[in-house]
Amino acid sequence: MNPEIGHFALALAVAFGFAQAIIPIWGAQRGDIRMMQAAPGLALGQLIALATAFGVLMWVSVDNDFSVLNVYENSHSLKPLLYKITGTWGNHEGSILLWCLIMGVCGGAVAVFGRNLPASLRARVIGVLGASSVGFTLFALLASNPFLRIWPPPANGQDMNPLLQDLGLAIHPPILYLGYVGFSIPFAFAVAALLEGRVDAAWGRWVRPWTLAAWCFLTGGIALGSWWAYYELGWGGFWFWDPVENASLMPWLTGTALLHAAIVVEKRESLKVWTVLLAIATFSFSLSGTFLVRSGILNSVHAFANDPTRGVFILVLLGLVIGGALALFAWRGRALSSVGLFAPISREGALVLNNVLLCSIAAVVAIGTLYPLFADMVLGQKLSVGAPFFNATVLPLAVPLFIAMAVGPMLSWKRAALGPALMRLWWAAVVAAAVGLWASFGTSLLPAFVLGCAAWLILGAFADIMARIRLFRIPLLSSLLLLRGTPRGALGAAIAHAGLGVTIAGIAGMSMAVSTILLVKPGETVHLAGYDWKLMGLHDAPGPNYTARVATIQVSRNGRLVTVLAPERRSFPVQQMTTTEAKIETDGFRDLYAVLGDERDGGAVLRLHDNFMAPWIWLGALVMALGGGLSLSDRRLRLGAPRRAAKAPHAGAPA
Amino acid sequence: MSTRRAILYAAPLVAAVAAGGGFYAVLHRMQEGSFDPHGVPTMLLNRRVPGFELPGLASAGFASTDLFSIGHPVLINFWATWCPPCIEEHPVLMAMQAQKIPIWGIAYKDKASAALDYLQTRGNPYVRNAIDAPGRVAIDWGLTGVPETFLVDGDGFVRWHMSGPITPKMVKEQIEPLMKKYGG
């Protein structure tokens, strides 16, 4: 297929974006119904144009069209088909196009699912989405065009970074971007609210499902990225406080805060200004995270090729989107302010505490990530901030959050008493303390304490559901009937809270992991963590675009074979690069993890880990995302498009 | 009251503009080539080591004052028994010890008993040993992880730094010439 079709479609998307940004917003300001009703069509038009452009790029990559510079630089005719497809977004230009496509998907989603929004609000939301996406499509067209050609076309391509030729990483960016870009919808709602000058309970209810959907994807995306680092980089760790990881953590933290603040807007018509600011901040963090990685300002293993020129373009773009939204906030924000009196012990009080703690953690992470850069520039002071800083600062803020998380959902709105809530939780507290105490015999104090927090969270979530369905206090059958009637939102929240408990249990368990590095000759046996690891032999194995050196390790316990691990070292001749393929065997409670290192003196250096509880880290993230998904399926959210009470301008006929 | 609120509502904008301006300056200087963010990890370079005082493993530990007038260059190596790259690095340290290059070790977030056990079974490459069990001193040194090694000259100034395991090549090409340069 002709790459120029994609090029044209991209240009068309820019044109649609301009129309989408200008016509609906202008119409909403003037009260022109026809202009407002153009919004969904324009959004769908942009989506179709971007999907076409992306499809063409995928096609030329699969088709080995090396006359396209992007394909030449990142592909090779021998590259497996799967990675030719996923390689479309495995490079700078392609990933920007994917970003644009997902912005288009967001606009299309509001166009399709937002039928019950008031016409003026829908027009403004779609308009704001168009204005943000026009910037990115323009950036793709002018500064990162994936459809540029080279002449004469080379015979073959340069292949893709072997580290990136991995299934986990291949599906990671689309999911992460769905999270990042998904927050553009709450952002657009926030800006639209500032334009309209009103935020009410209905607004809170509209914003929540979009925020929740984006949050689920971001949770999944971050977990996948961390999983990739765990098994592909072969360092045996899962989180390195790397700037790129921090850049994805910050929108997750503020997004989680937003998720909870929007509940207060819906239920109590309070915290409006704060929620609007959080919505703007979350998307701003998503954008600036991407920018910081792309411009090469922050260095990291994950980074793409750096180019400061592109950085200036993106910075101007971000300045317009973020600066514009915040200027509007400074100008119109006061119109939204609400007078709310809060009892500190109440559901809303607990949600405010949640917001304070989450935003404090986000601030600490932001400072730790950016301070070295600015200290270097402004003060001429070279310093670096690493894991010790983050571990020492984040944990004291996270622990109160964990403790409060189990209590919060038990409190009632407006005014609650702590006593009854704690009465329902006392057994969870006792069991959590016992877990902590038990663990403290096997490990140091801190992991044991965190493990206790994990038990507290999981059991606290269970206690919440138990109290709702009055388990053991009424007949079991009636309890099950009550369970059926429990709103899925409440169930989803409890599951997500328990999911965090599962994740931190995994993190605490990982700090008890044991590992060793040894030079082992074939036939020799290593004893580690109660297992016998016997190196059976080393052999070469061919791959599609690499050759591999494989070690066969038999792992047995008390003479019984547990598993055979075959870690590999792969050399990629085209890129002259070697990657390690760690091999992991898991039984759900521990990972047996083996990495093959260099060979010398007739033996091989093996790195062996026994990672206790490690799978729980990612299992917990999955549970969190599933909890969010269950919440999303709540009837209240699906049908819950309430008519705006009174005074809502009857601008458009509901479609 | 009203102006105070106006300032409050404008605060996010001001913060964002300040950050944007900062990023622009960074980018501008990166393009000029006068600034390289990748240089950030070499934090203490050409500065005196931060003040600290650490307990030892079996015998006495050491403090920053011990480094201020030591008279000869020394390597400060942060390590831990739980850190696989440290184990990877260990033979290189042992080789340096054989070459009479003085290394002082700081066990980071570790148990003294575990650290002693490690040194007894694998060999002790360190002239002096100290332990930073809570990891506080490591924060002052701006540690990004373990192992991390600093070359401190005879007056207590940091002259070279490596985060990650030292390789025999680094010893030959970087550490040996620096030891000569700063050795009195």
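Predicted model: local features only at pLDDT ≥ 70, side-chain atom pairs only at ≥ 80, totals over all residues.
When residues up to four places away in sequence are left out of account, V276(A) is in contact with A190(A), A193(A), L194(A), V199(A), F329(A), G333(A) and L336(A).

In chain B, five strands form an open sheet with mixed pairing, in the order 5-4-3-6-7. Its edges are strand 5 (128–132) and strand 7 (158–163) of chain B, each of which pairs on one side only, and the twist from one strand to the next averages 20°. Within this order, strand 3 (residues 74–79) and strand 6 (residues 148–152) of chain B are paired in the antiparallel sense over five bridges, and N77(B) has T149(B) of strand 6 as its bridge partner. Helix 6 of chain B, residues 168–182, packs on the sheet and touches strand 6 and strand 7 of chain B, its direction making about 165° with that of strand 7.

The sheet of chain A with the order 1-10-9-8 is likewise open, and its four strands show antiparallel pairing. Strand 1 (514–520) and strand 8 (583–586) of chain A form the edges, each pairing on one side only, while neighbouring strands are turned against each other by 15° on average, direction ignored. Strand 8 of chain A is joined by four bridges to strand 9 (residues 590–600) of chain A, the two running antiparallel, and I584(A) stands opposite Y593(A) of strand 9.

A helix pair was also examined in chain A. The axes of helix 2 (residues 33–62) and helix 5 (residues 92–113) of chain A come within 8 Å and cross at roughly 150°; since angles over 145 degrees count as roughly antiparallel, helix 2 and helix 5 of chain A are therefore roughly antiparallel to each other. The crossing of helix 2 of chain A past helix 5 of chain A is left-handed. Residues making the contact include A39(A), P40(A), A43(A), L44(A), L47(A) and F54(A) on helix 2 of chain A, and, among those on helix 5 of chain A, G94(A), L97(A), L101(A), G104(A), G108(A) and A111(A).

Note on methods: Residues numbered from 1 in each chain as written. Chains lettered and ligands numbered in written order. Contact = placed C-beta atoms within 7 Å. Pairing = 2+ DSSP bridges. Axes fitted to C-alpha atoms, helices over the stretch in contact; angles between N-to-C directions. Parallel < 35°, antiparallel > 145°, perpendicular 65-115°, else oblique. Left-handed = near helix turned anticlockwise from the far one by under 90°.
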